[in-house]
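Let's take a friendly walk through a structure together. Have a look at the sequence and the 3D view first, and then we will go through some of its features step by step.

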Amino acid sequence: MKFWGWLCVTLLATSASAATDTSQSHIGFVFKQMNVPVAGHFKRFTADVRFDARRPEASRAAIAVDLASINTGTREADEEAQGPDWFDTRRTPTAKFVSTAVRRPTPDRYEVAGELSIKGRTRTVTIPIQVERKASTIHYTGSFTLKRLDYAIGEGIWADTATVADEVEVRFRIVQADRGT
Amino acid sequence: MENVGTTYTRTALALHWASALLIFASFAIGLYAVDLKLSPIKLKLYSYHKWIGVTVFALAVARLLWRWRHPAPPLPGGMARWEQITAHGTHAAIYVLLFAVPITGWLMSSAAGVPVVYLGIWQLPDLVAKDKALADALKTVHYALNKTLLALVVLHVAAALKHQFVDRDDILGRMLTWRRANRTMEE
């Protein structure tokens with residue numbers, strides 16, 4: 001069942017990026033098999049987010065996800081997800097997102113456009129992001145839907161979307177120390 | 001209360017045989033699919049297995065409600081006391097398992113983080129939160145209850161055949177004959 005996700009985001013510009021709090025950050029996904037929603041996540045990823053609240057368009061984000069760190073809830077599925085039909089982690093161990101443009105269409109919402117690369121395929125995606133400051137941290141949260149077949153995730157017998165749906169929702173929360181940018 | 005006679009109603013017959021057929025199908029599918037390598041066919045069979053299980057559960061509820069208003073006919077005369085106790089005990093245990101087997105399957109699905117979506121349309125609520133250790137324990141319980149059910153069904157069938165061919169008291173016939181029981185009573 002399952003698999004793919006990954007995602008990244010980086011914002012900000014001139015100032016150096018603040019350290020990402022990996023214990024609070026989360027990159028997960030929800031896919032459907034036989035119309036049954038199943039959630040999973042990736043245990044290891046890095047996020048280089050350079051956020052500039054005064055000049056959103058100058059923000060940057062770059063995220064890299066270690067696809068072999070997938071957790072779907074069962075070892076059998078985790079192993080399958082790393083195989084050649086799915087992420088093929090031996091050849092393409094990392095999924096990457098690199099931002100190309102950051103906009104702030106409304107005061108409480110950002111939109112980050114960028115290039116998402118998984119399994120050697122790159123697509124342009126636009127991700128809505130909420131930015132919240134909590135205590136001494138800053139949270140970037142959002143979700144978007146990708147089509148797994150755009151990235152050849154689930155080939156061969158798995159290409160049939162009647163069993164595992166093409167659409168996969170990616171959900172993320174990146175938490176950094178807040179430096180007042 | 002109509003029909004406190006010597007026959008089962010058509011509804012009781014239909015519920016009995018529909019349950020029997022579905023339990024056999026779900027049992028076979030589950031036993032076959034569990035050893036398959038992860039694949040689309042395995043996911044399909046697991047879903048079908050769960051859909052049938054939900055149906056068996058619903059039929060069990062319907063049977064209890066029906067039986068409440070339409071009692072089963074009495075056991076034939078001439079049965080020894082231990083035979084009567086065994087017959088009632090086996091029937092009661094099978095009824096318990098008609099609920100317990102689907103519910104442990106549902107619990108196991110919830111604990112595994114895979115909700116049950118009946119017929120791929122209606123998502124049932126999760127009974128417990130995702131918990132791998134609990135899912136593994138429930139898997140063992142679900143399997144053990146199924147083996148118990150299998151043993152009881154073998155006993156049930158053996159007893160029916162014994163009544164038919166040794167005792168010749170025709171109680172198998174009353175579960176096979178599509179009689180207009182209600183009308184007969186009214187007339």
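Among contacts in chain B between residues at least 6 apart in sequence, what percentage join residues at least 24 apart? In this predicted model, the figure is 70%. Keep that in mind as you follow chain B from one end to the other.

Chain B contains six helices and two strands. Starting at the N terminus, its elements come in the order α-α-α-β-β-α-α-α, so you can trace them one by one in the viewer. The C-alpha trace of chain B spans about 55 × 35 × 25 Å along its principal axes. Of the 187 residues in this chain, 21% count as buried.

Now find two helices of chain B that meet. Two packed helices are described by the angle between their axes and the distance between the axes. For helix 3 (residues 81-111) of chain B and helix 4 (residues 132-167) of chain B, the axes come within 9 Å and cross at roughly 155°. Angles over 145 degrees count as roughly antiparallel, and that is why helix 3 of chain B is described as roughly antiparallel to helix 4 of chain B. The crossing of helix 3 of chain B with helix 4 of chain B is left-handed. The residues of this contact comprise 18 nonpolar, seven polar and one charged.

Next, turn to the place where the two chains touch. Chain A gives 16 residues to the contact, and chain B gives 14 residues. On the side of chain A that touches chain B, strand 2 (36-42) and helix 1 (75-82) of chain A each supply at least two residues. Strand 2 of chain A provides the largest share of that side, with four residues. Sorted by class, the side of chain A that touches chain B has nine nonpolar, four polar and three charged residues.

Finally, let's visit a residue in each chain. A:K119 is not a glycine, yet has a positive phi of about 55°. You will find A:K119 in the loop between strand 7 (109-118) and strand 8 (121-134) of chain A. B:L119 is not a glycine either, and has a positive phi of about 55°. B:L119 sits in the loop between strand 1 (117-118) and strand 2 (122-123) of chain B.

Are these residues buried or exposed? A:K119 is buried, because 20 other C-beta atoms lie within 10 Å. B:L119 counts as exposed, because there are 12 C-beta neighbours inside 10 Å.

Definitions and conventions: Residues numbered from 1 in each chain as written. Chains lettered and ligands numbered in written order. Predicted model: local features only at pLDDT ≥ 70, side-chain atom pairs only at ≥ 80, totals over all residues. Axes fitted to C-alpha atoms, helices over the stretch in contact; angles between N-to-C directions. Parallel < 35°, antiparallel > 145°, perpendicular 65-115°, else oblique. Left-handed = near helix turned anticlockwise from the far one by under 90°. Nonpolar A, V, L, I, M, F, W, Y, C, P; charged D, E, K, R; others polar. Contact = placed C-beta atoms within 7 Å.
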